[in-house]
Amino acid sequence: MSLSGEEILEGIYMENTVVLKTIYTSYFPDIRRFILLNNGSDEDARDIFQDALVILFLKVRKNIPTLNCTFGTYLFAICKYLWLREHRRIGRHAINGVDLDKYADPSVNIHREYIQMEKRKLVMEHFEIMAPECKKVLRLFVQDLPVEEIMKEMGYSSLQYARNRRLICKEKLVRQIWNNPRYKELGNEAFRENTAIPRWETGR
Amino acid sequence: MKHSERIQRYLDGKLAGEELRKFREDLAKDPELLKELDLYRLIDHSIKDQDQERFREKLVQAMEDDSGLPLPAKHKRTKKLTALRYLTIPAAILIFGMILHTMLGRENSGQEIYTSYYKSYSDSPLSRISTLENDVLLLNGVEHYLNKEYNEALIKFQTYRISETTADIASFYSGLSYAEMGRYSEAISEFEQVIALDMSYFHEHSHWYAALCYIRIEKFGRAAEHLIELRHESKVYRREARILLRKIN
């Protein structure tokens, strides 16, 4: 199946699994090869590929961008950016003797989406390991259900108790995330805006 | 009113009048309060809007499906239901067996995971620390550990005069010795000391063994904190940390 860049982005926006499958079969092998050649594993390649597509998903939900390159080139550039960041994060400054700066692509403008994705991953990781009662009460409250309904659903004795339980669970989650060094790392990064905004070429 | 309570009331739209004015004033003056508010918002948004998680699941499905075409979710459920209709008795037996296994095994789940994943650490630090040969007590302690003489190892580590440059070695091997002897809380305490040193060679190993010890004593929440750290920071243990996090969740 041959898709234009716009069709691919549209497919990502619509979460179309046929388009996602096409992206995987068309572009993953080259990305995998790059990661393996640069100190990575199969699992790293899959992780980077997934993260790159989540970032694109976040980007297209704001607006469908236009670039001056093919979709494949842009996706590859995003994956390189993510792999480069991963190396920097664990304290490496070169890959195979080549300085990391040489891999940098100034046309990739995804810093904001990267921070957004990483923070979300961190929050959900900590959320998933909470006690089941806490997870349930937090989920119910974010759905804006009446507190009376939450009280009944949770089997609590009073409205105030329900609110207190929510607050205690939320405080605990906040404290764990706040104290996570990775969260501090992400929070300290300023949003950097690259000046070069790539433009699409249509068709393949 | 507690700090967190004020933030939550603000997000719930329950602050008004003077309270609201004061809170906004504090937000303008206090960047830490603003960051904390952002985190509360991020948490609510993340739990409510599962968009990224849903997209990621679809992506994983597209990557794992090897039929060439993705199956709609409804189709998959129908296939499962059809299979069960024709396999009711064996399925019932299987389900009963699983329940029985879970009931019998529940109390030992931490022990099972620990037994599956714990491997004795057999690496000697000699090759890494050139000054070690001068620290006879420490050297003897490590030798006792490698010979599985854990009591003797602990005695050596405890009488060793700790210096800043090698405190992590004594603590790490003490932790391992305690773990081998089934004294998991003491092991955890030693590993936490290494972790606190931050730049130690044994940093990620300590996170790993601390996580295993927490699993063994069924403190899965504490174990998960260490595994999350490894998942982000460790090349050596990232894969196992990811697997274990799924097991204990």
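User: Which residues in H5(A) meet H4(B)?
Analyst: On the H5(A) side they are A:Gln116, A:Met117, A:Arg120, A:Lys121 and A:Met124, and their partners in H4(B) are B:Asp51, B:Gln52, B:Glu53 and B:Arg56. Contact here means heavy atoms within 4.5 Å. The residues of this contact divide into 2 nonpolar, 2 polar and 5 charged. For those classes, Ala, Val, Leu, Ile, Met, Phe, Trp, Tyr, Cys and Pro count as nonpolar, Asp, Glu, Lys and Arg as charged, and the others, Gly among them, as polar.
User: Before we go on, what sort of model is this?
Analyst: This is a predicted model, where local features need pLDDT of at least 70, side-chain atom pairs count only at pLDDT 80 or more, and totals for chains, interfaces and linings use all residues. Residues are numbered from 1 along each chain as its sequence is written, chains are lettered from A and ligands numbered from 1 in the order in which they are written, and side-chain values use heavy atoms, with hydrogens and water left out.
User: Back to those two helices. At what angle do the axes of H5 of chain A and H4 of chain B cross?
Analyst: Helix H5 (residues 111-128) of chain A and helix H4 (residues 51-64) of chain B cross at roughly 95°, and their axes come within 11 Å. The axes are lines fitted to C-alpha atoms, for helices over the stretch in contact, with angles from 0 to 180 degrees between N-to-C directions. H5(A) and H4(B) are therefore roughly perpendicular to each other. The cut-offs are under 35 degrees for roughly parallel, over 145 for roughly antiparallel, 65 to 115 for roughly perpendicular, and oblique for the rest.
User: How many residues does the contact take from each chain?
Analyst: Chain A gives 56 residues and chain B gives 48 residues. Between them the chains bury about 5000 Å², 57% of it on carbon and sulfur atoms. Buried area is the accessible area (1.4 Å probe) that two parts lose on being put together, summed over both. B:Gln52, B:Phe55 and B:Met63 supply 15% of the area that chain B buries against chain A, more than any other three residues.
User: New topic! What makes up the secondary structure of chain A?
Analyst: Chain A has 9 helices and 2 strands. From the N terminus on, the elements run α-α-α-α-β-β-α-α-α-α-α. Helices (H or I, at least four residues) and strands (E, at least two) are DSSP runs, numbered from the N terminus.
User: Which residues does a disulfide join?
Analyst: A disulfide, meaning a pair of cysteine sulfur atoms within 2.5 Å, joins A:Cys134 to A:Cys169, with an S to S distance of 2.0 Å. A:Cys134 lies in helix H6 (residues 132-142) of chain A and A:Cys169 in helix H8 (residues 159-178) of chain A, so the pair ties together parts that are 35 residues apart in sequence. The link is left-handed, with -75° about the S-S bond.
User: Are A:Cys134 and A:Cys169 buried or exposed?
Analyst: Both are buried, where buried means under 20% relative accessible area, exposed over 50%, and partly exposed in between (1.4 Å probe, protein chains only).
User: Last one: where is A:Asp144 found?
Analyst: A:Asp144 is in the loop between H6 and helix H7 (147-154) of chain A. Its phi is near 60°, a positive value in a residue other than glycine. A:Asp144 is exposed, with a relative accessible area of 60%.
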